[in-house]
Amino acid sequence: MVVVFVHLLVLLVFVNRYFLGRWLRRIRGASFDERMEIEGREPSVAIVVPMFNEGEGIYRTIHSLLAQDYPADRLRIVVVDDCSTDDSHSWAWRAARESDRVTVLRNPENMGKRRSINHAVRRTEAEIIVSVDSDVVVDQKAVRELVARFTDPKIAAVGGRVHVINVNENWLTRMQAIKYWFGYEYLKELERVFRSVMCLSGCLTAYRRHVLLELEPILEDRSVLGVPIKYGEDRFLTRQIVKAGWQTVMTLDAVSYTVAPPTLTKYFSQQLRWRRSNLIDYIGGLSHAWKLHPVVAIHYFATFAMLVAYPVMVVESLASQSFWPLTMLHAGILALLGTIYWLKTRDMPPEMRVSPIWFLSMAALMPVTYLLLTPLAFFTLDSGSWETRGKPAPAEQEQEEQAAVDRLDVGPAT
């Protein structure tokens, strides 16, 4: 009976993600991804980069942001060091010395990504805040494409898409490249149609500053069982924006590139962090998700139910010695999706696409992640670390910071 129930949940989520969303997009037509021309009225923008133990990579990220196709006098870059223990701060200051459009701040203690962004938001008057992860390289037109999607005063956040930059490093990064492609091309389609995207990636997302200030008390005080948590910040912020009655949208024309975990150890660490984020945020959304559009609400609850129930089905299949047929079913579905990927990406540059055969590895990885990581995530929801780049350590505020703050203020658009 459990197996039948889970299969029905999987079918419902699968149809919503891969078919219903695409069908609704065709019905909505041009209104699905509206874009306005912003020439002559470019709002002031502050790109905020929260950083922890990023090393030399932060220097490359900053330079990709300085190259944005956006008026230089309307764009500032703010790097917030969350008490890195490596040479990240030195690399960030090297970039700041090369451009007066870059400001480097440092938290008085390790505070997490969301509070790091809040630190920067309080120091600027920019109309739009663009959040960019410290290990990301951003396409030259990304900021312009994000800003152009604020077509309605009700739209509070606009997310971009993410590609894997180390696509051909090994079999694992190839598999993840396909996952990322489906994540943006299909999995968020239904939510995009109703302007209720429930998770906008911190890799590249733009926000109205006044909305972030409005939500600051909620964003500053986030904990589980009294323990402050720092994972899942992007999902939490997006849900709070939707909960407050604002709209969230996404565009595939604003592009960024990130490094996918190249080893199973790093991959499982990432997936554990994301699984915690999913669980804690779905639980938090139970009180208000029913207020969303009925289609989005049903999808939300079905996805949460599948997340919780799927490990039970894996255990049941192992107990009944039917795990092999379950794996074959996964492989068949993945082969179908791989074929769709191959057909849809034929026009992409060769260096950005991979053979769909690599997606079949998910047939083994998916049951493992659900069986092991979901229970582990549930029992470690009160974990408080970033868990990506080593342990944080307190650090003193840099003396140069205050002098640089004067460069930060960007007035509202005139």
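**Helix packing and one exposed glycine**

Helices H4 and H8 cross with a left-handed sense (left-handed if the near helix is turned anticlockwise from the far one by less than a right angle, right-handed if clockwise). The model is predicted: local features need pLDDT of at least 70, side-chain atom pairs count only at pLDDT 80 or more, and totals for chains, interfaces and linings use all residues. Residues are numbered from 1 along each chain as its sequence is written, and side-chain values use heavy atoms, leaving out hydrogens and water. Helices (H or I, at least four residues) and strands (E, at least two) are DSSP runs, numbered from the N terminus.

**H4 and H8**

- H4 spans residues 113-122 and H8 spans residues 209-220.
- Their axes come within 10 Å and cross at roughly 135 degrees. Axes are lines fitted to C-alpha atoms, for helices over the stretch in contact, and angles run from 0 to 180 degrees between N-to-C directions.
- H4 and H8 are therefore oblique to each other (under 35 degrees counts as roughly parallel, over 145 as roughly antiparallel, 65 to 115 as roughly perpendicular, the rest as oblique).
- From H4, Arg114, Arg115, Asn118, Val121 and Arg122 are in contact with Arg209, Leu212, Leu213, Glu216, Leu219 and Glu220 of H8. Contact means heavy atoms within 4.5 Å.
- By class, this contact holds 4 nonpolar, 1 polar and 6 charged residues. Ala, Val, Leu, Ile, Met, Phe, Trp, Tyr, Cys and Pro count as nonpolar, Asp, Glu, Lys and Arg as charged, and the others, Gly among them, as polar.

**H9 and H10**

- H9 (residues 233-243) packs on H10 (residues 264-285) at an angle of about 15 degrees, with axes 9 Å apart.
- The two helices are therefore roughly parallel. Their crossing is right-handed.
- Arg235, Phe236 and Arg239 of H9 meet Ser277, Asn278, Asp281, Tyr282, Gly284 and Gly285 of H10.
- That contact has 2 nonpolar, 4 polar and 3 charged residues.

- H9 is largely enclosed by the rest of the structure, because 10 of its 11 residues are buried (buried is under 20% relative accessible area, exposed over 50%, partly exposed in between; 1.4 Å probe, protein chains only).
- The buried residues include Glu233, Asp234, Arg235 and Arg239. Phe236, Leu237 and Ile241 are also among them.
- Gly245 follows H9 and has a positive phi, near 100 degrees.

**Gly226**

- Gly226 sits in the loop between strand E8 (223-224) and strand E9 (227-228).
- Gly226 is exposed, at 64% relative accessible area.
- Gly226 and Asp382 lie 156 residues apart in sequence, yet 8.2 Å apart in space, C-alpha to C-alpha.
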